[in-house]
Amino acid sequence: MSFNRRNFLKGIGLIGLGASTPAYAEKLVPKQNAAFSLACPPYLQNLNAETVTICAIFNKPCLAWIEVLDANNNTLKSVYQVEDGMRNANAELFKFQVNHKNGQLKYKVVAKEISKFEPYKIEYAGTIQSEPFDITLPQPKQDSIHCLILNDIHEDKDSYTYLFDKSKLAKKDLVFLNGDSFHYVTNQADLTEKLLKPVGNKFASTIPFLMIRGNHETRGAFARDYKKYFDYPENKFYQAFRMGPIYWIILDSGEDKPDDHEVYAGTVDYDNYRLEQKEWLSKVLQSKERKEAKHTLVITHIPFHHSDDWHGTKHNYECFHDILNSNKVDAVISGHTHKYSFHPPDNSHNYYVIIGGGPKAGNRTYVDITAQGKTLQVSLNLDDGSTINRFSKNV
């Protein structure tokens, strides 16, 4: 089944970024009358060999912490978010960097509502806590890895669970959300209601996910606040790391229109941002960490092959293709077009180009990735569970 991205965006009124109100508005209980609670389940970010970040958002200002638990749910230690000698407090958003032991961690989130926060008097109301989560996290140098990539959900919240369950992976160590989870972002409720609740209810409290920015995440009044709800190494949307036998490179493809397009009203500079990434990409491809990995996969929202001829597409190609082509990466995995396709290496690119579909039923896709030692398997799958195409590689 084919799907036209331009017709989809026109249908929801986003073709020129001109919509000024959310696509739908949920009826929320006024904050002052609501019971103190988590605004969404806790979610895992920024995993490395020693730590993982646990994010928690609440519906009222509070003091919150993580309790690291033993097998019997006894508290081993409490972890706060601390900066400049102050524990994060009287806040709704918290990001806790928690040590794990060889990938093993059991935790719960605890918080006390703050009812008064004055210079010399702080008062608390009720205390809440999450259920315990017992998790096993992948390690950078482990011999195998299983990962799922989803793209272009465009606020179809049920697709997260549906596609996660369709995936044929024996387990999921990491989940990549490869852009355009939203039409645009207007406020915190967009994040909690349209993304963090559905992924949290399904997997995000126990499986880390990487939120890769698509061009639609750059739009809306809240786009410049968006990054603080996730945790990125060096506070950059783009990053590179080894996990299992794969070296992962995440590029931030930016917007698809020229920087001087009228809809941006002089507020963006994506060309220089992509040039910044170009310089960085040349360095990380030569890193010791990359050379020690068996495989290299690149994930970026806008594909720069088999796509359109818009400015963003062409500039991504100009910045990244030659570097990737000369450094023998295995595949570049994208979305954006809403038309799935699978392209083996040819005269124009010596790596696989995989483009996920979406967001409507019959056109949604998911990418399953398994690496075991020297063997890499990548499959692009339709939402009925059938495989569109796949490749295997041994080194």
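Tutor: Let's start with Glu155, which counts as buried because its relative accessibility is 9%, under the 20% cut-off. Keep in mind that this is a predicted model. The partner of Glu155 is Lys194, and the closest N and O atoms of this salt bridge are 3.5 Å apart. Distant parts of the chain are linked by this pair: Glu155 sits in the loop between strand 10 (144-150) and helix 2 (158-166), while Lys194 belongs to helix 3 (residues 188-204), 39 residues apart. Lys194 is buried too, at 3% relative accessibility.

Next, look at Asp252 and Arg213, whose side chains form a salt bridge with an N to O distance of 2.8 Å. Asp252 is found in the loop between strand 14 (246-250) and helix 4 (270-284), and Arg213 in the loop between strand 12 (209-212) and strand 13 (239-243), so their pairing ties together parts 39 residues apart in sequence. Asp252 is buried, with a relative accessible area of 1%, and Arg213 is buried as well, at 11%.

For a contrast, turn to helix 4. Here Glu279 and Lys283 are four residues apart, which means about one helical turn separates them. Their side chains meet in a salt bridge at 3.8 Å, N to O, and both Glu279 and Lys283 are exposed. Across the whole structure, a search finds 19 salt bridges.

Key:
Residues numbered from 1 in each chain as written. Predicted model: local features only at pLDDT ≥ 70, side-chain atom pairs only at ≥ 80, totals over all residues. Heavy atoms only, no water. Salt bridge = Lys/Arg side-chain N within 4 Å of Asp/Glu carboxyl O. Helix = DSSP H or I, 4+ residues; strand = E, 2+ residues; numbered from the N terminus. Buried < 20%, exposed > 50% of the residue type's maximum accessible area, 1.4 Å probe, protein only.
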